[in-house]
Each structure stands twice: as structure tokens, then as C-alpha cells.
Amino acid sequence: MSDIIIEHVSKSYAGRPPVRALEGVDLTIPHGSIVAVLGRSGCGKTTLLRTIAGFERPDAGTIWFGRDEVASNRRMVAPERRRVGIVPQEGALFPHLDVAANVAFALRNRRSRESRDRVGQLLESVGLAGHERRRPHELSGGQQQRVALARALASHPAILLLDEPFTALDINLRAQLRADVVAIVRNEGATAMIVSHDPAEAMSMADTVAVMRAGRLVQTGSGEDLYRRPVDHETAVMLGEVTEISGHGNGHRATTPLGDIDIDVDGSVSGPLRLVFRPEQIVFDEGVRANGVITGIQFHGSDVVVTVRLGPDSVRARWPIGDGRPHRERWLVGDAVGLRAAGRPVLVRRDLRDH
Amino acid sequence: MLRRVRRAHPPLALLAGGGLASVLVLVPITYIVVRATDRGWQTFADTVWRQRTLELLVRSVGLAVVVTTASVVIGVAAAWLVTSSDLPGRRFWRVALAMPLALPSYIAAWAWIGWRPDLVGFDGAAIVLTSISYPYVYLPVLGALGRADPALADVARSCGRGPWWVFVRVTLRQVRIAAVGGALLVMLYVLSEFAAVSIMRYESLTKVIYSSYRASFDRTPAAALGCVLVAATMVPLWFAVRFSGSGRVARVGAGSTRTAATVELRRLRWPITGCVAALLGFSLGVPAWNLVRWTGRGSSTTTWNDVAEATATTLGLAAAAAAAAVIIAIPIGLLSARYAGRCARAVTALAYAGHALPGIVVALSLVFFGIRYANAIYQRTPMLVGAYVVIFLSLAIGAIHGSIAQAPPILDEVARSSGRRQVTVWFSVTLRLAAPGIGTAAALVFIATSKELPATLLLRPIGTDTLATQLWSRTDAVNYAAAAPYACVLVLIACIPTALLTRASVTRS
């Protein structure tokens with residue numbers, strides 16, 4: 001099987017001081033799977049993508065496409081000989097070619113019947129059948145990205161690289177397109193790497209999410225693993241909103257304003273701690289004796305985000321309002337409410353510096 | 001998002017192209033010095049340190065300073081009037097005011113001296129050169145005003161500043177770099193101008209270089225004066241680099257652009273309109289009227305065969321020069337747009353240096369070079385075309401570089417990932433997208449070549465005449481009527497592409 005294997009890849013750019021874009025990156029993208037590389041701007045994720053595509057040469061390390069060594073200190077296979085499909089951020093259709101010619105760009109024999117069939121089939125699968133003769137400027141942003149996807153898939157690439165492919169689109173279109181792209185990529189049996197700074201995008205699309213920071217992969221795993229068990233506070237924040245409660249360590253439990261809570265820590269702990277939760281884990285429970293006071297309520301449609309003063313802390317909790325009752329009939333600022341924690345904290349911080 | 005600095009090594013083909021262009025430009029620069037000091041430094045120093053040389057230098061620089069000052073005042077005022085005031089008929093003026101750019105200096109000079117023979121000398125040369133070179137300031141300032149953020153002026157007004165304060169402290173500051181760039185062009189142009197000063201009988205460095213080359217067998221003085229001229233052009237270049245500054249004038253931060261509110265001219269509205277009309281009358285009206293007048297008188301004596309022949313020669317040379325310049329400029333454009341680095345900067349800087357070199361100096365050094373080392377092509381078409389390329393290469397590079405830089409590099413990368421080699425990608429994608437810029441480059445070189453005079457005079461194959469040389473020899477013999485048909489055809493050839501280019505640039509800005 002032709003897995004994509006990245007071994008100890010490093011890359012820095014000249015500058016004062018030199019920018020270390022990649023530092024010893026190890027990542028395996030199994031054949032037929034989708035991997036997301038999640039990180040902030042400038043963390044090196046785009047450099048990783050460009051190194052795989054062959055536009056950057058790694059300073060050290062090796063990249064394998066199956067058994068082929070495509071980049072190492074001995075070999076550097078040119079981008080045009082790697083069989084890579086790229087879907088860039090935006091505006092990357094050839095403006096001088098129509099939709100069919102764009103999709104057929106990577107095909108060998110563009111006029112042959114097979115090519116035409118392939119183009120037709122791809123446009124069908126991205127939902128743009130009948131748009132063959134359109135020009136890129138006549139398409140909406142979402143349609144352009146669909147054409148770019150079809151173009152990248154046309155020659156059955158060894159790997160499909162998507163570089164923040166939806167950031168330029170409006171939010172409603174994004175969710176739809178994400179689901180479509182996953183379906184199309186799976187249908188084609190393609191191997192794909194998607195680079196993103198949006199945790200929702202990474203977690204919803206990929207089998208494996210790799211979190212990148214300052215040129216290093218800090219954690220790799222399924223989206224849910226990373227969300228529930230981040231290795232550190234920064235990763236926890238990268239994957240979604242967090243809220244903290246102070247507590248006191250007591251062996252494998254912590255005493256908090258929400259009662260005693262089981263924690264996962266190596267060995268037993270004592271002394272002050274901060275317990276990091278996702279806001280949806282701070283649950284409103286009418287059966288619990290009032291332990292906090294509401295200081296703010298934000299309406300978010302399907303739920304409300306409530307700020308509660310809880311002992312010494314101000315915590316943010318996310319409560320669903322699925323029953324259709326206006327939230328004002330249930331909670332008002334100043335109300336005393338009873339809260340409890342659902343599940344274990346995603347992280348326990350013993351370093352009590354403020355972040 | 002942190003943009004990666006491209007450190008990729010440029011492909012050999014591009015470096016070779018850039019190297020070829022550098023050699024092409026370096027030959028005249030070095031050879032003029034070699035030739036001037038041929039007979040030892042003493043002879044060189046003797047020629048340079050004569051009082052006559054100093055006089056000539058003062059005359060050339062004096063003319064350049066006066067014309068540049070006048071051009072900046074006229075160019076900035078005109079650009080401001082057509083963008084920011086309620087001048088009636090602004091759209092028309094906007095295009096019309098740029099048109100004198102199409103007029104060859106010697107046609108303007110011919111028209112003025114045919115109308116007012118008493119204007120011979122400094123006054124005439126200054127009027128003629130100002131009337132055709134203010135667009136070098138006007139056009140870039142027009143562009144800068146179009147890009148300037150009107151919110152700055154609005155904020156200044158709302159902070160209690162008057163319109164005059166705003167004009168001086170905000171608007172002028174925003175157009176400063178454009179105006180300095182334009183002034184530099186005017187300065188370089190006037191210093192190296194040869195035809196108009198000759199027709200106006202104004203003894204400048206260029207005119208004396210030409211006559212000293214023609215008059216005697218000893219060509220060292222011509223070469224030495226050429227060095228002085230090159231040194232003189234370096235001074236404004238240095239000033240422009242030193243004082244254009246790096247002050248930020250671009251819009252900082254996002255926000256939609258709005259069109260600026262227009263300033264009402266009130267009582268001055270019609271008098272100012274009159275001034276603008278007079279400006280156009282001087283710069284376009286006088287030549288046009290003379291063209292018509294002399295053509296009427298001259299048509300009976302014209303040998304139309306000669307006109308046709310000269311037209312064909314001009315078109316052929318201009319087309320050859322345009323093609324050669326474009327072919328040489330493309331690798332340099334790719335180099336500087338895609339592999340920005342020291343190498344690309346050096347080649348581009350050299351090409352611009354070639355443009356700053358006076359045409360007469362380039363021609364002179366190619367003459368010397370040709371006699372000694374390249375006899376096979378001396379006074380043949382390839383050498384003449386080579387001279388045109390040296391002089392006008394930067395025009396082509398500017399246009400081509402800009403359009404390649406506008407073609408998104410990500411498209412190159414997508415194309416390469418699709419399995420195409422780099423060279424194939426350049427031809428099938430990059431240059432295809434840059435086609436409008438390549439067209440502009442070809443048009444610019446074509447126009448410039450068809451008007452070029454000094455290099456053509458010195459390097460043309462024997463018996464070959466272009467429209468420009470025919471016109472020049474007739475004005476030299478004070479036969480203004482006979483020059484008219486040549487002037488007519490030249491204006492027609494230069495006007496059409498200029499009008500198209502001006503319109504395109506005005507709409508863009």
C-alpha cells in the first residue's frame with residue numbers, strides 16, 4: 001500500500017534569526033485516509049504541505065510515497081513527477097481556461113474519449129455537471145473550489161493536499177462543502193492531507209488530526225481523542241473553548257466548588273490545581289444545591305453561553321436550549337444556580353501561572 | 001499569514017537570459033569609459049577640464065532644472081485638477097493631457113521653430129521640452145492620487161484644517177514618491193535629449209557630442225564628453241534614490257475605498273479651465289496646427305516614394321526592436337517576479353541604468369565597439385536593434401515584470417503538480433496570464449523606437465532612412481515644409497498605440 005511517510009523532516013528559512021518552519025516532523029498518512037494538520041498561522045503547516053508537494057526541499061529527513069523516496073538528502077523528485085493534487089486556498093483556477101479544461105489540465109491525453117469521460121464523471125461527482133464551458137469568473141466561490149477539487153483528483157494523485165480550502169467561503173457553504181469533499185475523496189479512494197486552522201474543520205473531516213506548533217507536531221490522534229485528552233493547555237485551547245475551575249488536589253481526586261471530582265494524573269497530587277473543562281461539561285442541574293451566581297448570558301442560537309461566578313472563579317458554561325422555551329424564562333443574570341461537572345476534566349494544570 | 005521567502009534557485013535558463021541582458025547593457029557603459037581614456041588619462045582630463053566643457057554642462061543642467069521644475073508644477077497641478085476638483089470636462093482632460101507623450105520632441109521643436117523662428121535657443125528649448133515632458137510627472141501622480149486614501153484628507157478636514165493645508169500637508173505628501181519618480185524621468189530625459197535642442201539650436205552636451213563626433217576624426221573628445229554626460233545623469237538618480245524616502249503612503253488597514261469628495265473651484269473654475277485648455281493648446285495645438293499648415297505647403301514637393309520607404313523601414317526596425325526587447329525582458333521579468341533576490345535585483349538595476357544612459361552615449365560607444373570588435377555587424381541592422389534594446393529594455397521589463405507578478409504563483413505550483421515541467425508551465429500558464437503586459441511592453445518599445453533619433457543617426461546602415469532621420473535632415477536644412485509628411489506619418493504611427501495605452505492606464509488608475 002502506498003502510505004505517505006514523513007520522517008524527521010526539518011526545514012528552516014534564512015533570516016535573522018532563521019525561521020525554523022519544521023523541526024523533526026514525523027507523520028504517516030495511511031493509504032486512503034484523511035489527515036488534518038491543525039495549527040495557527042505561521043506554525044509551519046503550509047511549509048509541511050509544500051515540502052510534500054515538492055516546492056520546498058527539506059533540510060533534513062525523508063519523505064516516502066509508498067516505497068518511493070521523493071525527498072531526502074540524496075534525492076529530490078520534482079513536483080511534476082510526484083503525482084500530487086493540490087487544492088489551494090482560493091482563486092487558483094486557471095482564468096484563461098474553462099471548467100472542463102481546468103479539470104483536464106493534469107490529464108495526459110486531453111482530447112481522448114477517456115479524458116472527456118473522466119472530466120464528465122468528476123464534474124458529476126462535485127455537482128457541476130453541465131458547467132464544462134463556464135469560465136472561472138462565472139462561478140461562485142464554492143463552485144470554484146469544487147472545480148479545483150475535481151482538477152486535483154483528475155489524475156488519481158498519490159496524495160491530495162488541501163491548503164485551508166474553505167477559509168475564503170462563507171460559513172454556511174463551508175459545512176456543506178466539507179461533507180461533500182469528504183464523500184468525494186472517500187469515493188475516489190484518495191489519500192488526503194488537509195491543512196487548517198479551524199478545529200471544527202479538522203475534526204469533522206479527518207480520520208487523524210495532527211496538531212502543529214512552532215514547527216513541531218505536538219499531538220496526533222483522532223479528533224475526539226485530542227478534544228478530550230489534549231497533551232497541554234495550548235493544544236486544549238487550539239481544539240476548542242475551555243473554562244477553568246480551581247481545586248485542591250487530594251490523591252486522585254480534587255476538591256472543587258463543584259464537589260469532589262476524579263482526575264487522571266500520574267501519581268497522587270496535593271496542593272492547589274486548576275481543572276480545565278470544556279464549557280459543555282459544566283452542566284446546569286436543578287437537583288444540585290445552588291453553588292454559583294449567573295453574571296452574564298450570551299444567546300448563541302442552539303445554546304446559551306453563561307458566565308457563572310463560582311467561588312473564586314468565573315466559569316463559562318454552554319447549556320443547550322433545545323426545548324424551545326425562551327432562555328430568559330429559565331435563567332436571568334443574578335440567579336443562583338446549581339452546577340455540576342460532567343465527566344473528567346480534559347486537563348489538570350499544576351503550574352498555576354495565569355496564562 | 002507568514003509568507004515564505006522564496007529561496008529556490010532560479011533555473012539556469014533564466015540566469016543565462018539575465019546574464020545576456022546584463023552583458024548587453026554593460027558593454028556600452030564600460031566601453032565609453034575605455035574609449036575616452038584610450039589615449040591616456042591626460043588627454044581625457046584635458047578634454048574634461050576645459051572651460052568649454054563646464055559651460056556645456058551648466059547649459060545642459062540649467063535646461064534640465066528649468067524643464068523639470070516646470071513639469072512638476074504643471075504635472076502635479078493638472079493631475080490634481082482632473083482627479084480632485086470640479087473642473088468641467090474632467091474625463092476628457094484626463095486622457096487629453098497625457099497625449100503629448102506621443103509627440104516626438106523633434107516634431108514639437110520643428111512645429112515651434114516653424115511657427116516662431118525667434119524662439120531659437122534656451123527659451124524655445126525649455127518651452128518645447130516642458131510642453132512634451134510634463135506627462136512624465138502627470139501620469140504617475142494621477143495614479144498616486146487614484147490610489148491615495150481619501151479618508152486621510154477627510155479626517156484632516158474634520159480636525160479643523162482648511163483645504164489649502166490639506167492639499168499641502170496630505171495630498172502632496174501622498175503623491176510625493178510618484179512626483180519624484182516622474183521628475184527623475186524628466187531630468188534624465190532632458191539631459192539626454194538630443195533632437196529638440198539641436199533643432200532649437202541650443203548648444204547642450206548632447207548636441208556638441210554629436211557634432212564633435214561628426215566633425216573630426218579624433219573621437220576621444222566625443223567619448224570624454226559622453227562620460228561627463230553619464231556622470232551628470234547619475235546625480236539626479238542619486239538624489240531620487242536618496243530623497244524619495246520610504247515613508248508609508250499606501251492605505252494601512254482594510255476598509256472599502258471611496259471616491260474623494262471633489263474640491264469646488266468656485267470663481268476660479270472657468271479661468272482654470274482656460275489655463276488647462278491653453279496648456280493643451282501649447283503642447284498639442286501648436287504641433288497639430290503646424291503639421292496641417294506645413295503639410296499643405298509641402299505636399300507638392302514630397303517624394304512619396306521616400307516617405308513610403310522610410311515608413312516601412314521605421315515599422316520594420318520598431319517591430320524588430322520590440323520583439324527583441326520582449327524576448328530579452330521575459331527571462332528578466334520571470335527572474336525578478338518569481339525568484340526575487342540579489343541576482344534579479346542586479347539585472348533589473350542594470351537594465352534601468354541602460355535607460356538612464358543617453359541614447360547618444362549608447363550609440364557612440366556601440367560605434368567604437370563595432371569598429372574595433374564587431375565589424376561584421378557595424379552599421380548593420382542587428383547592431384542598431386541591439387542599441388534600441390539597450391536603451392529601451394527597462395520599458396519592457398517594467399511592463400512584463402508587473403504582469404507576471406500579478407499572475408498568482410500558486411497557479412504555477414498547481415500546474416507543476418499536474419505533471420508539467422517548469423518551462424512548459426511558463427509558456428502554458430505564466431506567460432499566457434501575463435500576455436496583456438507583454439503586449440504593453442511590445443507597444444512601449446515599438447513607440448519609443450519609432451521616435452528614436454540619435455542612435456539611429458549614428459548606427460543606421462548606410463542608405464537606410466527612418467521617418468525620424470528624414471525629418472531631422474530636413475529640419476537641419478531649414479526645409480520645414482519638406483519635413484511635414486514625415487512628421488505626419490510618425491505622429492500617426494506613435495499616436496494610435498499611445499492612445500490605447502494611456503486609456504488603459506487611466507482606466508486602471
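Let's start with helix H10 of chain B: running over residues 176-192, it has 17 residues and reaches 24 Å from its first C-alpha to its last, close to the 24 Å expected at 1.5 Å a residue. Keep in mind that you're looking at a predicted model.

**Inside helix H10 of chain B**
- Quite a list of residues in H10(B) is buried, including B:Ala178, B:Ala179, B:Gly182 and B:Ala183.
- Further along, B:Leu184, B:Val186, B:Met187 and B:Leu188 are also among the buried residues of H10(B).

**How much the chains touch**
- On chain A, 26 residues are in contact with chain B, and on chain B, 22 residues do the touching.
- Together the two chains bury about 2200 Å² between them, and carbon and sulfur atoms give 63% of that.
- Three residues stand out: A:Glu80, A:His96 and A:Phe105 supply 27% of the area that chain A buries against chain B, more than any other three residues.

**Charged and polar links**
- You'll find two salt bridges between chain A and chain B.
- In a salt bridge, the side chain of A:Glu80 meets that of B:Arg416, at 2.5 Å from N to O.
- Four residue pairs are in polar contact across the interface.

**Chain A's side of the interface**
- Helix H1 (45-53) and strand E6 (84-87) are the elements of chain A that give two or more residues to this side.
- H1(A) makes the largest share, with three residues.
- Sorted by class, this side has 15 nonpolar, six polar and five charged residues.

Definitions and conventions
Residues numbered from 1 in each chain as written. Chains lettered and ligands numbered in written order. Predicted model: local features only at pLDDT ≥ 70, side-chain atom pairs only at ≥ 80, totals over all residues. Heavy atoms only, no water. Contact = heavy atoms within 4.5 Å. Buried area = accessible area lost by both parts, 1.4 Å probe. Salt bridge = Lys/Arg side-chain N within 4 Å of Asp/Glu carboxyl O. Polar contact = N/O pair within 3.5 Å; in protein donor to acceptor, adjacent residues only side chain to side chain. Helix = DSSP H or I, 4+ residues; strand = E, 2+ residues; numbered from the N terminus. Nonpolar A, V, L, I, M, F, W, Y, C, P; charged D, E, K, R; others polar. Expected span 1.5 Å × (residues − 1). Buried < 20%, exposed > 50% of the residue type's maximum accessible area, 1.4 Å probe, protein only.
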